[in-house]
Amino acid sequence: MPNTIKLAVLFLLISVTNVIAQGTYPYQPKIEARSISLIQQDQLQFKDLNKNNKLDVYEDWRQPLDHRIEDLLMQMTLDEKVGMLLINTLNAEEYGKVSDQAVDFIENEKMTRFIFRNSVTQNPVRTGARSIGFRGVQITPYEAAQFMNSVQEIAENTRLGIPLMFKSNARNHMDFDARAGINVESGAFSSWPKEGGLAATQDLELIADFAKIMAEEWTSIGLRGMYGYMADLSTEPRWYRVHETFTEDSKLASDIISVLIKNLQGESLSSKSVALTIKHFPGGGPQEGGGDPHYDFGKNQVYPANNFDYHLAPFKAAIEAGASSILPYYGIPVGQPYLPNNVGMAFSKGILTELLREKLGFKGYVNSDTGIIGNRAWGLEDKSIEEQILIALDAGTDILSGFNDNKQLLELVNTGKLSKEKVELSVRRLLKEQFELGLFENPFVDPNRAAYLVGNPSFQKKADLAQRKSIVLLQNKSVLPLAIPVGNDSLKLLTMGVNTEIFKDQKWKGLKAISGDYDKSKGEQLKVVGEDVDYAIIRINVSNDPNGMERMFGGAQPDELNFLAFSDMAKSNSWKISPSLEDIQTIMEKVGPEKTILSIDFRQPYVIDEASKFLDTGVILATFGVSDAAVMDIIMGKFNPTGKLPFALANKPEAITAQDPDAPGYPEKDTLFPFGFGLKY
């Protein structure tokens, strides 16, 4: 029988037995090698990854996926296997250069997975430093792609040529306070509203477009995995990470997560996919007192309203949609029936094995949150590093994030404390993703394509639409839309928190904008407001003083978590309102409250309390990471607002502390604006 017929029969058998997924190909895939030989067989090409001049099963893309995995597993040494259970930060140096650490991680620690945290921008700020710690230096898309290729080539030269998998936190959102370890500034990437803003559009087709565009941008530089998205619900407004959640509504969150998985991963993983690690299982958000479990004071997750299943539902949807991996939270599931319930999720066999695998049927791998070994091993603080590792792996964790000590894991196996069977089970799960993503055939990217594709105008045009659709009109006392001046007429605006450069655009002809912004650190003072000002437009952002390393991931200090009312935040130490409440009220008094337009960026569900006087203004807009241009389009009637609140807003600070942290919304008597609220003109 001729070889071509044999090959056709083989492909037919593969199809019939239903084992085709990416990782097994019925056609010649694109093969790219930088430093190793190619094998020619049956007029087809394969990579000689282990450099033995013959075609091994794991190198043969025609073979069933499980056969490829088992063949590679048999060839791996024990230190190569335990190396796969490690993942840590690996950033590029300036100009995309590879660090000595990269060589050490790949060649000595035998690692194949990394977290990429560099900010990617078209115009990097060059500091002269080789690297800037955890968050890395700024580099261009071209340099990012070059960096990925360089480290993939190092991996290609290792004994078995196992390709690398790079993951990142979210980086396609307009974020005024991006924090390393949480998210990354959008930089050169298309800049969309934050997660709550996407939910506020209530447009699943637009969210699908977002996911498709994000996948194109990420894969162009070599990013193939994401720590996200968050399926957590925003039921506890004091929890700092509400700004990464989509909504308080379990059904809407489930729908969004499903759309993201189907469009970032595809129906199944492939060479065009970004694999998702959905977090934070089984639902971060209902934090005791609103504290964040990055910190000791926020380590408990509580469910006084018995809404555990309400928070779990989006994760069920994620598993049904095919989520590649799941990330459990740092938090302790206080009072839950899944035991042990006095340790962090990544250490609980009841959570990861009984609930996630046995009850929900999850087949992918479990990726721990960064730093569970050591700093954030809640409930196991008195245990040694060795004990923490063993408990986490026994519970069902497959890969340890923020950990890169191969020798320590190897010693645990060699002494019989960690079974080889457990290590190999995790390695199988991890290899499956790398094969399905097509990395064994071609992990390399085209830097030139990355340079023109990332953030191109067509992508940003869609993102701009999403920004406008995300803006929620909360209050309008017959002010909006403002009339655009015609002829010789003009409209004089006083702005704060707005870049007045946008008014140079001809579409704003007739608008005369005066910036009221000033730098207090330079001894400047708020400018005197003239009586001829027609309207004041003030964009309000709230941030937290990071207080050095103590609260580097954000959030208020523990004694000020309850301060979500603007008048309370203004008097606090760890909250910062910009512009200050005093300045906002001064402008309201001078211009007139009814002629003051407030645009508030809701990173958390702040309380618009009476003492702030914000409710006296003519207009209140709720935003979730949008540009000045988007806000002006709403104000001037170029875009009729359609956004709907992704979470309810309380009418007084006492409502925040009275409400159960696992319950969405508030009683009617405590509600200022309910979930789904949003006006039009």
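Q: How many nonpolar, polar and charged residues are there in the lining of the largest pocket?
A: Sorted by class, that lining has nine nonpolar, 11 polar and 10 charged residues, and since you are new here, please keep in mind that this is a predicted model.

Q: About how much space lies in that largest pocket?
A: The largest pocket holds about 720 Å³ of space, and of the 30 residues that line the pocket, T219, R224, S271, K272 and R449 are the closest to its centre.

Q: Which elements give two or more residues to the lining?
A: Those elements are α7, which covers residues 204-221, and α8, which covers residues 250-264.

Q: And which element gives the most?
A: The most comes from α7, which gives five residues to the lining of the largest pocket.

Q: At what angle do α7 and α8 pack?
A: The angle between α7 and α8 is about 35°, with the two axes 8 Å apart, and the crossing of α7 past α8 is right-handed.

Q: Which residues meet there, on α7 and on α8?
A: On the α7 side they are L204, I207, A208, F210, A211, K212, M214 and A215, and these meet D255, I256, V259, L260, N263 and L264 of α8. Taken by class, the residues of this contact are 11 nonpolar, one polar and two charged.

Q: Switching to strands, how many bridges join β3 to β12?
A: Strand β3, residues 86-89, is joined by two bridges to strand β12, residues 400-401, and the two run parallel. In this pairing L86 stands opposite L400 of β12.

Q: What about β3 and β4, do they run parallel or antiparallel?
A: They run parallel, with two bridges joining β3 to strand β4, which spans residues 113-115, and here N88 stands opposite F114 of β4.

Q: Which way do side chains point along a strand, in general?
A: As a general rule, the side chains of a regular strand alternate between the two faces of the sheet.

Q: Now the backbone: is the peptide bond from F281 to P282 cis or trans?
A: That bond is cis, with omega near 0°, and P282 is found in the loop that runs between β7, residues 275-281, and β8, residues 300-301.

Q: And the peptide bond from S578 to P579, cis or trans?
A: The bond from S578 to P579 is cis, with omega near -5°, and P579 sits in the loop between β17, residues 575-578, and α17, residues 581-591.

Q: One last thing, what is the phi of Q43?
A: Although Q43 is not a glycine, its phi is positive, at about 60°, and Q43 lies in the loop between β1, residues 38-41, and β2, residues 44-47.

How values were computed: Residues are numbered from 1 along each chain as its sequence is written. This is a predicted model: local features need pLDDT of at least 70, side-chain atom pairs count only at pLDDT 80 or more; totals for chains, interfaces and linings use all residues. Side-chain values use heavy atoms; hydrogens and water are left out. On a 1 Å grid over the protein atoms alone, a cavity is a set of points where a 1.4 Å probe fits but cannot get out, and a pocket is an open set with protein on both sides within 12 Å along at least five of seven lines; lining residues have an atom within 4 Å of a point. Grid points are joined across faces, edges and corners, and a volume is the space filled by probe spheres set on the points. Helices (H or I, at least four residues) and strands (E, at least two) are DSSP runs, numbered from the N terminus. Ala, Val, Leu, Ile, Met, Phe, Trp, Tyr, Cys and Pro count as nonpolar, Asp, Glu, Lys and Arg as charged, and the others, Gly among them, as polar. Axes are lines fitted to C-alpha atoms, for helices over the stretch in contact, and angles run from 0 to 180 degrees between N-to-C directions. A crossing is left-handed if the near helix is turned anticlockwise from the far one by less than a right angle, and right-handed if clockwise. Contact means heavy atoms within 4.5 Å. Two strands pair if DSSP finds at least two bridges between them.
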